[in-house]
Amino acid sequence: MTGRREITGRLDGSGLRVGIAVARFNEYVTGQMLEIALARLGSLGVKPSDITVIWTPGSFELPLAAKRLAESPGTDAVITLGAVIKGETAHFEHIANAASLGIARVAEDTGKPIIFGVLTTFNSEQAVARIGHARGYADAAVEMANAYRELGTA
């Protein structure tokens with residue numbers, strides 16, 4: 001088929017403003033995720049002055065923080081970072097479910113790219129092994145922000 005329009009976001013963060021909502025709970029994981037995401041955003045051309053980081057007590061609070069970031073003037077994308085690690089109670093399931101549904105709702109409500117970077121693992125070792133995924137979350141934020149700009153919906 002010819003003449004179709006295809007949009008693929010570029011990995012060029014120049015001129016983009018990115019918010020990051022990061023949960024303090026399990027900070028030994030989320031703190032490292034934040035550092036990786038910040039480094040990757042920088043390597044993609046996002047200026048440090050164009051990044052806003054907000055810390056929340058835990059992953060349950062991420063959706064509201066993400067919404068506030070997304071509603072801030074000029075924000076192009078938001079990355080959420082959290083680590084929900086299964087314990088001996090059902091608390092894990094409730095927090096993981098609330099965080100994922102809330103973050104999805106924020107994306108729908110704001111019309112902006114909200115990247116789901118909440119690890120939900122059965123143990124600490126699995127969470128630590130996935131810290132590096134934060135690089136991909138930064139890539140996704142930049143790619144989607146550029147795609148939305150090209151589409152004209154940013």
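Me: What classes of residue make up the lining of the largest pocket?

Reply: The lining has 8 nonpolar, 6 polar and 2 charged residues. Here Ala, Val, Leu, Ile, Met, Phe, Trp, Tyr, Cys and Pro count as nonpolar, Asp, Glu, Lys and Arg as charged, and the others, Gly among them, as polar. Bear in mind that this is a predicted model, where local features need pLDDT of at least 70, side-chain atom pairs count only at pLDDT 80 or more, and totals for chains, interfaces and linings use all residues. Numbering runs from 1 along each chain as its sequence is written, and side-chain values use heavy atoms, with hydrogens and water left out.

Me: Which residues lie nearest the centre of that pocket?

Reply: Phe 25, Asn 26, Val 84, His 91 and Ile 95, out of 16 lining residues. The elements giving two or more residues to the lining are β3 (77–85) and α3 (91–110). Those labels are DSSP runs numbered from the N terminus: helices are H or I with at least four residues, strands are E with at least two.

Me: How much space lies in there?

Reply: About 270 Å³. A pocket is an open set of points on a 1 Å grid over the protein atoms alone, where a 1.4 Å probe fits, with protein on both sides within 12 Å along at least five of seven lines; lining residues have an atom within 4 Å of a point. The volume is the space filled by probe spheres set on the points, which are joined across faces, edges and corners.

Me: Back to Asn 26: what's its phi?

Reply: Positive, about 65 degrees, although Asn 26 is not a glycine. Most residues other than glycine have a negative phi. Asn 26 sits in the loop between β1 and α1.

Me: Is Asn 26 buried or exposed?

Reply: Asn 26 is buried, because its relative accessible area is 16%. The cut-offs are under 20% for buried, over 50% for exposed, and partly exposed in between (1.4 Å probe, protein chains only).

Me: New topic, the sheet. What's the strand order?

Reply: β2-β1-β3-β4, an open sheet of 4 strands with parallel pairing. β2 (51–56) and β4 (114–121) are the edge strands, each pairing on one side only. Two strands pair if DSSP finds at least two bridges between them.

Me: How many bridges join β1 to β2?

Reply: 6, with Ile 51 in β2 as the bridge partner of Val 18. To β3, strand β1 (residues 18–23) has 5 bridges, and there Gly 19 partners Val 78.

Me: And which way do the β1 residues point?

Reply: Val 18, Ile 20 and Val 22 point one way, Gly 19, Ala 21 and Ala 23 the other, and all are buried.

Me: OK, salt bridges. How many does the structure hold?

Reply: 5, counting a side-chain nitrogen of Lys or Arg within 4 Å of a carboxyl oxygen of Asp or Glu. One of them joins Asp 139 and Arg 40, at 2.6 Å from N to O. Asp 139 is in helix α5 (residues 134–151) and Arg 40 in helix α1 (residues 27–43), so the pair ties together parts that are 99 residues apart in sequence.

Me: Are Asp 139 and Arg 40 buried or exposed?

Reply: Both are buried. Glu 6 and Arg 4, by contrast, are both exposed, and their closest N and O atoms are 2.5 Å apart in a salt bridge.

Me: What about Lys 86 and Glu 93?

Reply: Their side chains meet in a salt bridge too, at 3.0 Å from N to O. Lys 86 counts as partly exposed because its relative accessibility is 31%, and Glu 93 is partly exposed at 37%.
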